[in-house]
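Hello,

Here is the structure you asked about. Please open it before you read on.

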Amino acid sequence: MKIAFLESSNAGEDIDISCFQKYGEVTYYRNTVRETVAERVRDAEIVIVNKAPMND
């Protein structure tokens, strides 16, 4: 399963987000801007997002 974590920097530096790796192949992006959302989620089955716009 492919997972895209679009804003890993929003989790904070003291939070271990590696736990998502047990569910599949995770690609971590520190930040995601509007122009790169579609490309980054294209093949993902799960998208973890906080503030990146998902409706364009």
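Below are notes on strand pairing and on aromatic rings.

First, a caution: this is a predicted model.

Start with the strands. Strand 1 covers residues 2-5, and strand 2 covers residues 25-28. They pair in the parallel sense, over four bridges. Look at K2: its bridge partner in strand 2 is E25. Strand 1 also pairs with strand 3, residues 46-48. That pairing is parallel too, over three bridges. Here A4 stands opposite V47 in strand 3.

Now the rings. How many aromatic pairs does a search of the whole structure find? The search finds two.

F5 sits in strand 1, while F20 sits in the loop between strand 1 and strand 2. The two residues are 15 apart in the chain.

Is F5 buried or exposed? F5 is buried, because its relative accessible area is 7% and the cut-off is under 20%. F20 has 24%, so F20 is partly exposed.

F5 also pairs with Y28. The ring centres are 5.8 Å apart and the planes are at 40°, so this pair is tilted. F5 lies in strand 1 and Y28 in strand 2, so the pair ties together parts 23 residues apart in sequence. Y28 is partly exposed, at 28% relative accessibility.

Put together, the ring pairs link F5, F20 and Y28 into a cluster.

Best wishes

Note on methods:
Residues are numbered from 1 along each chain as its sequence is written. This is a predicted model: local features need pLDDT of at least 70, side-chain atom pairs count only at pLDDT 80 or more; totals for chains, interfaces and linings use all residues. Side-chain values use heavy atoms; hydrogens and water are left out. Two strands pair if DSSP finds at least two bridges between them. Rings of Phe, Tyr and Trp (its six-membered ring) pair if their centres lie within 6.5 Å; planes under 30 degrees apart count as stacked, over 60 as edge-to-face and the rest as tilted. Buried means under 20% relative accessible area, exposed over 50%, partly exposed in between (1.4 Å probe, protein chains only).
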